[in-house]
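Some notes on this entry follow, as numbered points.

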Amino acid sequence: MAKSASFLFEVRPLSASVKAKPVRSVKSASAAMRPVPAFSIESLQKNTYVMGPPKAQKQRYMIQPKATSFRMYYERGDLPIKMEYLTGGDKIAWTVDIDKLDYGLYLPLFFDGLSETRHPYKTYARQGVQDLLSHGGDKIYPVIPQLIIPIKNALNTRNVEVMCVTLKIIQQLVMSSDLIGPALVPFYRQLLPMFNAYKVKNSK
């Protein structure tokens with residue numbers, strides 16, 4: 001039986017003249033690639049990669065209301081109201097009998113002032129609307145179509161204070177007459193989108 005030959009291997013260190021080539025990692029290779037914008041000529045070049053789209057940032061902003069018709073009438077002195085400075089707080093007083101006012105003119109005008117955020121405009125507008133709704137009765141129903149745009153403008157300001165005041169005014173408007181609620185139904189599509197956007201917001 002033939003003897004199996006044994007082989008001996010001797011490990012020798014590399015000589016100084018022979019150097020091992022460094023291994024280039026995948027990470028270093030990707031780091032050497034240059035970012036380029038999408039849909040550009042540079043994206044066709046080698047060692048480049050296309051940058052992704054920027055992240056969308058949610059911006060919170062409030063629409064600054066424009067100068068309202070209510071402010072214009074107030075500055076011209078065409079509103080039949082004045083301010084009474086009392087100990088318990090400021091209160092507006094009507095210079096004419098409120099029951100004799102033209103609701104087709106003044107009720108939409110005061111509703112337009114609900115978008116105001118500065119004193120004394122907001123004070124006059126808010127208290128004026130409350131007084132007109134309290135004494136309006138059957139005069140309010142024919143004016144409903146003219147109130148939709150001022151209400152919508154007030155809600156679109158995205159100002160929490162203005163929106164809360166407008167909601168309270170809408171409640172008072174609906175409670176002022178049994179005809180008001182059904183009259184607002186055709187205008188729900190104009191008013192409800194902003195309510196839907198803020199339905200989960202609970203502000204104190």
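1. The accessible surface of the protein is about 15,300 Å², and carbon and sulfur atoms contribute 57% of it. Of the 204 residues, 31% are buried. The model is predicted, and these totals use all residues.

2. Eight helices and four strands make up the secondary structure. Their order along the sequence is α-β-β-α-β-β-α-α-α-α-α-α. Among contacts with a separation of 6 or more, 65% link residues 24 or more positions apart.

3. Helix H2 (residues 69–76) and helix H3 (residues 103–112) have axes that come within 7 Å and cross at roughly 110°. Angles of 65 to 115 degrees count as roughly perpendicular, and H2 and H3 are therefore roughly perpendicular to each other. On the H2 side the contact involves Ser69, Phe70 and Tyr73, and on the H3 side Leu105, Leu109, Phe110 and Asp112. By class, the residues of this contact are five nonpolar, one polar and one charged.

4. H2 also packs against helix H4 (residues 121–136), with axes that come within 11 Å and cross at roughly 105°. H2 and H4 are therefore roughly perpendicular to each other. Here Phe70, Arg71, Tyr74 and Glu75 of H2 touch Tyr121, Tyr124 and Ala125 of H4. The classes in this contact are five nonpolar, no polar and two charged residues.

Methods
Residues are numbered from 1 along each chain as its sequence is written. This is a predicted model: local features need pLDDT of at least 70, side-chain atom pairs count only at pLDDT 80 or more; totals for chains, interfaces and linings use all residues. Side-chain values use heavy atoms; hydrogens and water are left out. Axes are lines fitted to C-alpha atoms, for helices over the stretch in contact, and angles run from 0 to 180 degrees between N-to-C directions. Helices (H or I, at least four residues) and strands (E, at least two) are DSSP runs, numbered from the N terminus. Angles under 35 degrees count as roughly parallel, over 145 as roughly antiparallel, 65 to 115 as roughly perpendicular and the rest as oblique. Contact means heavy atoms within 4.5 Å. Ala, Val, Leu, Ile, Met, Phe, Trp, Tyr, Cys and Pro count as nonpolar, Asp, Glu, Lys and Arg as charged, and the others, Gly among them, as polar. Buried means under 20% relative accessible area, exposed over 50%, partly exposed in between (1.4 Å probe, protein chains only). Accessible areas come from the Shrake-Rupley method with a 1.4 Å probe; for residues, only the protein chains shown count as cover.
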